[in-house]
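Dear colleague,

Please find below the structure that I am handing over to you.

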Amino acid sequence: MMKLYILWLFSIQFLLHASISNSGKVPAIIVFGDSSVDSGNNNFIPTIARSNFPPYGKDFPNGNPTGRFSNGRIAPDFISEAFGLKPTIPAYLDPSYSISDFATGVCFASAGTGFDNATASVADVIPLWKEVEFYKDYQMKLRANFGDKKANEIIKESLYLVSIGTNDFLENYYTLPQTRMKYKTVQEYEDFLIALADNFLREIYDLGARKISLTGLPPMGCLPLERAINIMDLHSCVDYYNDVALEFNAKLGWLVTKLNKELHGFQLVDANAYNMLLQIVKHPSQFGFEDATVGCCGTGRFEMGIFCDPKSPFSCKNANKYVFWDAFHPSERTSQLVSNYLMQKYLAKFL
Ligand SMILES: *[C@@H]1O[C@H](CO)[C@@H](O)[C@H](O)[C@H]1NC(C)=O
């Protein structure tokens, strides 16, 4: 494990040089998905699924709580930087940014959303179809501001990061009885989501997207919130949820293979982070962490969003010693390690 870690450190060096000598191939990073990649769109819609207040962002430049569900930056920020682009990706709904800013990176993601429309309804956040509507609006602005040629180049050559799915299971299927009535087995529900993923990917392909990184589920049974309710098993990971994640990710992998065969020029990448995250959770000290079972914020067992209290006496001092920042989301350092891994294993070919 240590060897692997050292290998990663070398890879980061390599990537930094590669991005300096070879920048410009990917003009922008364009992001779709949920809180794993949302840089603050929810600040501008009426929802409680927000994080634009302390202690969120305490390790972000100027301690700014941007709406990222993290103590600092999140994965798309690190990936953008690795491509020689800006170190943070702005949220499309943030009026303080203009189309010139968005031309080198833009985020349409919304915390709490999923493939399933019903998932977005739980906390009144942006459903995936609406993220695509915003993307169409973005394309229009690109054309109006830069002309068709430049706009087409940005649309075609950019790297699209898609990270979504966890909420469909944890906030929707395993929370709402009506979803479980409709889809009697979780496999049925998985297949429904895969069909939605298929539609979504074809739709952005038809809109001109070509280079796409698709990330599905983390080992969601190891999220502190799920461990907290696993009392019978002494707060170990909920194996059942991890098995569902593995099964769903495998189906996503098959979808990726299928679409790459079917759609001419499509470069869809199955950027699976499950194993990397599980390694970190199972062997935190090998990655320099002190705790992988609870989040830094509050007691770390249930707090996220509005329940993260900046004055909680239980909060940890150094969030980056924790694998998780709150009960549902990784710390900045975990996001950085995962981003380095994704860059090296799946995305370096786009550099
Ligand atoms: C989700 O909602 C949108 C907008 O109402 C609709 O066009 C779409 O068909 C819905 N998707 C499904 C699978 O019901």
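**The ligand and its surroundings**

In this predicted model, a polar side-chain atom of Asn117 lies 2.3 Å from an oxygen atom of the ligand; a polar contact is a pair of N or O atoms within 3.5 Å, and within protein one must be able to donate a hydrogen and the other to accept it, while residues adjacent in sequence count only if both atoms are side-chain atoms. For Trp129, an N or O atom of the side chain is 3.4 Å from an oxygen atom of the ligand. Around the ligand stand Asn117, Trp129 and Leu196, where a residue is counted if one of its heavy atoms lies within 4 Å of the molecule. The ligand taken alone exposes 360 Å², of which the protein buries 36% (Shrake-Rupley method with a 1.4 Å probe; for residues, only the protein chains shown count as cover).

As to conventions, the model is predicted, so local features need pLDDT of at least 70 and side-chain atom pairs count only at pLDDT 80 or more, while totals for chains, interfaces and linings use all residues. Residues are numbered from 1 along each chain as its sequence is written, and side-chain values use heavy atoms, with hydrogens and water left out.

**The fold**

The protein has 12 helices and 7 strands, which are DSSP runs numbered from the N terminus (helices H or I, at least four residues; strands E, at least two). An open sheet is formed by 5 strands in the order E2-E1-E3-E4-E5, with parallel pairing; two strands pair if DSSP finds at least two bridges between them. Strand E2 (105-107) and strand E5 (267-270) each have a single partner strand, so one side of each is left without a neighbour in the sheet. From one strand to the next, the twist averages 15 degrees (axes are lines fitted to C-alpha atoms, for helices over the stretch in contact, and angles run from 0 to 180 degrees between N-to-C directions).

Strands E3 (residues 159-163) and E4 (residues 211-215) pair over 5 bridges, and Ser163 has Thr215 as its bridge partner in E4. Helix H8 (residues 186-206) lies across E1 (29-33), E3, E4 and E5, at about 160 degrees to E4; contact here means heavy atoms within 4.5 Å.

**Two backbone details**

The peptide bond from Pro54 to Pro55 is cis, with omega near 10 degrees, and Pro55 lies in the loop between E1 and helix H2 (75-82). Leu234 is not a glycine, yet has a positive phi of about 55 degrees.

With kind regards
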